[in-house]
Amino acid sequence: MWTQLGKHGWKISPGNNWPCLTVCINETRPIRGAGSLDSLTRAALQAGWQETATKNNGGIGVSKNEEERMSPITEARKTVLRNSQNELLHDHNHDGIDRRGFLKCMAWAGTGTFCVIRGGMLRSYSMSRLAELDPREMAKEIAGELSFAQISDSHMGFNKAANPDVAGTLQAAVDKINGLAVRPEFLLHTGDISHLSKPEEFDAVEQILKNAKPKDTFYVPGEHDVLDDDGKQFLDRFGKGSQGAGWYSFDKKGVHFVGLVNVMNLKAGGLGTLGHDQLEWLEDDVKHLKHSTPIVVFAHIPLWSVYPEWGWGTEDSAQALAYLKKFGSVTVLNGHIHQTMQKVEGNVTFHAAASTAFPQPAPGKADSPGPVKVPAEQLKSVLGITDVNFVRGKQALGVVDSTLE
Amino acid sequence: MRRSVSVAVFITVEILVIAALSTGRQNAALAAQQKTEAAEVKIDNFSFGPATLTVSVGTTVTWTNRDDIPHTVTSADDPKAFKSKVLDTDEKFSFTFTQPGTYPYFCSIHPKMTAKVVVQ
């Protein structure tokens, strides 16, 4: 059953055997105006979380029986998606801003996003909202079999007016992670670790992250991490066991994680690029995985066209996403744009994380993407971390586990 | 004996030739220096200004980063005619253009920042 939540949010209560999913799905037409993004965000934030889910044809990471059991939702979703898909393709290919035809939640306030994947679908929470929850309530919300936190764009070494203390704000992000009712198993850092690729900047980040309760951090480079040395230092420090410029994959509890590098060899006037070698590797990396395997891809520059005018997109991301089409659940985590943003397109949920250093303007809302200066007391409200929590439904659990065997 | 004399003569000639060549080079360098003009490009707010700079051959162009974000000055040609190290706020990069032509360049960190130098 669907209940409306705010102007463009919907709540689905599918039945007793499935956790309640709360879904923001845009109505195609009202979201066309730029202003409606804000109303969508407000609706999500008012509800105390941001959460997105969509699906083409059935459950994600879910058996055939499960799909049938979920058919009422599936049909409802299909209707929404059928209405929206043509427009989605149209907009995606033409102006790249993706205003129409799909869901886009954008949060410009708050300390970042906390995400939960449930049954292969990703839910996300504002960190500040989570902090407001009673500890027991929080524990219940974020409990799962696998959780991790994303941090991004720490820009260690930046010392301008927008944030003279990037070490302090990174430490604050770590404190927030350490304060979660559930300890994330690991951290993902989606790049721009340093500001100028200086050894002491990388050192400082590593030192601060040593204080984080999760002991492992998986990195991908941002363009600020590969300055002047084609990423050699990054590879030496963080790229052990990786391929090419630092791409790799790993598995955690049935979820396949893929770290991609799209900040090398940027061309004049162009966007981020993955390149032929990496695309070939990706195709091979996911070839033998079962379709039900949840996939989490993380890379620095967004793998969708957030705002190409500012270089906020990746030239050859369509090819990468084509290799991931067969999977029921794909989550893409990015940084680079220093603000949280989400979009669902078919089987793929895109998330951009806030920076722990300084905010950047919303797409097209300023002359340039330079740092936004906010009063010191407000700074921490526009910086943040992203936590992702993977929770498997009972039925899906068996399916996903069998994938690993 | 005769042989050693001829060797000595040869060495002397060679020294004279080298001396003459290096003097010529110095003169040429001096002449180029005297002709050299200077031009400035400011990097600010994620753009190069002016976006098109026209200079005469021999001009040294200096880029100054006035932005609060680092940028680079990187030739868009293959092979690259010039490439700066990363320029943090207020850092400079200079390059002397000795051949006429159009030199497109960009910031390799923010590749949407593009501009060109036209050398006449």
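1. Of the 405 residues of chain A, 60% count as buried, where buried means under 20% relative accessible area, exposed over 50% and partly exposed in between, with a 1.4 Å probe and protein chains only. A word on the basis before going on: this is a predicted model, in which local features need pLDDT of at least 70 and side-chain atom pairs count only at pLDDT 80 or more, while totals for chains, interfaces and linings use all residues. Residues are numbered from 1 along each chain as its sequence is written, chains are lettered from A and ligands numbered from 1 in the order in which they are written, and side-chain values use heavy atoms, with hydrogens and water left out.

2. Chain A has twelve helices and 17 strands; these are DSSP runs numbered from the N terminus, with helices being H or I of at least four residues and strands E of at least two. Among contacts in chain A with a separation of 6 or more, 73% come from residues 24 or more positions apart. Contact here means heavy atoms within 4.5 Å.

3. Now to the nonpolar cores, each a set of buried Ala, Val, Leu, Ile, Met, Phe, Trp, Tyr and Cys residues joined through side-chain atoms within 4.5 Å. The largest has 49 residues, and F48(B), W63(B), V73(B), Y105(B) and V117(B) touch the most other members. Helix α6 of chain A, residues 166–178, gives the most to this core, with five residues. Apart from this core lies another, of 35 residues, including W310(A), F327(A), V330(A) and M341(A).

4. Leaving aside residues up to four places away in sequence, V117(B) touches L53(B), V55(B), W63(B), F97(B), G101(B), T102(B), Y103(B) and Y105(B).

5. Helix α6(A) passes a simple geometry check: at 1.5 Å a residue, its 13 residues should span 18 Å, and the end C-alpha atoms are 18 Å apart, which agrees. The expected span is 1.5 Å times one less than the number of residues. The buried residues of α6(A) are V166(A), T169(A), L170(A), A173(A), V174(A), I177(A) and N178(A). An α-helix has 3.6 residues a turn, so residues three or four places apart point the same way.

6. At the interface, 18 residues of chain B are in contact with 25 residues of chain A. The area buried between the two chains is about 1,700 Å², and carbon and sulfur atoms give 64% of it; this is the accessible area (1.4 Å probe) that two parts lose on being put together, summed over both.

7. The rule finds two salt bridges across this interface, a salt bridge being a side-chain nitrogen of Lys or Arg within 4 Å of a carboxyl oxygen of Asp or Glu. The side chains of D68(B) and K373(A) meet in a salt bridge at 3.3 Å, N to O.

8. Two cis peptide bonds in chain B deserve a look. The bond from G49(B) to P50(B) is cis, with omega near 0°, and P50(B) lies in the loop between β2 (47–49) and β3 (52–55). The bond from D78(B) to P79(B) is also cis, with omega near 0°; P79(B) lies in the loop between β5 (74–75) and β6 (92–96).

9. Lastly, some backbone angles in chain A. D192(A) is not a glycine, yet has a positive phi of about 55°; its place is in the loop between β9 (186–189) and α7 (199–210). D192(A) counts as buried because its relative accessibility is 1%. H336(A), also not a glycine, has a positive phi of about 75° and is found in the loop between β14 (330–334) and β15 (340–345). At 9% relative accessibility, H336(A) counts as buried.
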